[in-house]
Amino acid sequence: MATEYPHRIALLGLGTIGLSMLAMHLRRPDTSITVYDPRPDYESQIRSTLPSLLDSPDSTSLIDDLIRTSRLKLATTLPEAIQNATIVQEQSPEVTSSKQALWKEVAGLADQDTHLWSSSSGIPASAQAAGCEAADRVAERLVIAHPFNPPHLMPLIEIVPGPETSVEEVEFVKKYFGDIPGPGASAGADAGASSGDQSASQHYRPITLHKEIPGFVGNRLAFALLREACYLVGEGVVSAKDLDSLVTASLGPRWAGSGVFESYHAGGGEGGIGAFLQKLAPTIQNVWGELGQVDIEGEQAWKNLVVKQTEDAYGPYTPETRKKKEEMLRDVVEMQKKKWGEL
């Protein structure tokens, strides 16, 4: 029965992120997951997609076994999904009002000590909890657990507590994700009911932000690079394909082994990042002052150019392309763990 598992998760929303999160949660042998999505076809999506995310060659057997052993339950209503849950994690659309309405409904259905997690990529916990009754303790229990796509492969989890989120909740979510085995761990019915057989090499690397900020940190960095990339292509400085080649042939490989600050710390030689910032101050300031400003809303010439050049360069994003890119991601992450251990 599902109640035999210490972590009973209600996973709300089975889009691309939700399905990948489902695969990730199933790699912990001490979890059972009840999923719910208002779409009528979500079961067929699970059956067609989940086995490949779990590296299973037998799609029919895997899903049926997970359901038979209550490791996976397909709910038809929100109350059914939340019943007996110890954790509720939502992947609803990125609309503040809809998330607020969802948490109000969840608060009336879940136990008072149920952990509340949001996979939002930019809406803070405090905004999501606004309007909930103080007696329901939503603001105290709600925390952002933002994964990077695809979560079943990407190691980062951004933990973003709100100003009222309890310290205990932050520590719980950090330990939970830190203990999830990496790709290749069994998700079948014989996976066991404890996490004691997990690999010693930690795959997931949760980080905790010290304060809320729109977009959090990962997306703010990514969107800053995207803005400048769009500006450069729109201004005719470089083509979209060549800009991508520049990233994959320079910044990408470097950042896979060293982050921003570590890279420039090495760039400063014996003086470290302090020397780097001092020596290149005029150049850096000149570039910072010239960074492009683009408006993404409305019809913009740069947008049409970026879309056309990207589509011409890469064509449609096919399942075969996704598989190839995911294999590359696996290799990069495994290389990091092999070369550097726990990062």
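The legends below describe close-up views of one predicted model. Residues are numbered from 1 along each chain as its sequence is written, and side-chain values use heavy atoms, with hydrogens and water left out. Because the model is predicted, local features need pLDDT of at least 70 and side-chain atom pairs count only at pLDDT 80 or more, while totals for chains, interfaces and linings use all residues.

**View 1. The largest nonpolar core.** This core has 33 residues. A nonpolar core is a set of buried Ala, Val, Leu, Ile, Met, Phe, Trp, Tyr and Cys residues joined through side-chain atoms within 4.5 Å; buried means under 20% relative accessible area, exposed over 50%, and partly exposed in between (1.4 Å probe, protein chains only). Leu22, Leu26, Val35, Ile46, Leu50, Trp117 and Phe177 touch the most other members. Two or more residues each come from β1 (7-12), α1 (16-26), β2 (31-36), α2 (42-53), α3 (59-68), β6 (142-147), β7 and α8. Helices (H or I, at least four residues) and strands (E, at least two) are DSSP runs, numbered from the N terminus. α1 gives the largest share, 6 residues. A second, separate core has 24 residues, including Ala75, Val88, Trp103 and Ile144.

**View 2. Helix α1.** Of the 11 residues of α1, 9 are buried, so the helix is largely enclosed by the rest of the structure. The buried residues are Gly18, Leu19, Ser20, Met21, Leu22, Ala23, Met24, His25 and Leu26.

**View 3. Helices α11 and α12.** Helix α11 (residues 260-267) and α12 have axes that come within 6 Å and cross at roughly 75°. Axes are lines fitted to C-alpha atoms, for helices over the stretch in contact, and angles run from 0 to 180 degrees between N-to-C directions. The two helices α11 and α12 are therefore roughly perpendicular (65 to 115 degrees; under 35 is roughly parallel, over 145 roughly antiparallel, and the rest oblique). Phe261, Tyr264, His265 and Gly267 of α11 meet Gly272, Ile273 and Phe276 of α12, where contact means heavy atoms within 4.5 Å. Gly272 is buried, at 3% relative accessibility. Leaving aside neighbours within four places in sequence, Gly272 is in contact with Tyr264 and His265.

**View 4. Helices α12 and α13.** Helix α12 (residues 272-279) packs against helix α13 (residues 281-290) at an angle of about 70°, with the axes 5 Å apart. That makes α12 roughly perpendicular to α13. The contact involves Phe276, Leu277, Gln278 and Lys279 of α12, together with Ala281, Pro282 and Ile284 of α13.

View 5. Ser166 sits in the loop between β7 (156-161) and α8 (167-178). Ser166 is buried, with a relative accessible area of 16%. A polar atom of the Ser166 side chain lies 3.1 Å from the backbone nitrogen of Glu169.

View 6. The peptide bond from Asn149 to Pro150 is cis, with omega near 0°; Pro150 is in the loop between β6 and β7. Arg137, in the loop between α6 (125-129) and α7 (138-141), has a positive phi of about 60° although it is not a glycine. Arg137 is partly exposed, with a relative accessible area of 29%. Phe216, in the loop between β8 (205-208) and α9 (218-234), also has a positive phi of about 60° without being a glycine. Phe216 is buried, with a relative accessible area of 0%.

Conventions: A polar contact is a pair of N or O atoms within 3.5 Å; within protein, one must be able to donate a hydrogen and the other to accept it, and residues adjacent in sequence count only if both atoms are side-chain atoms.
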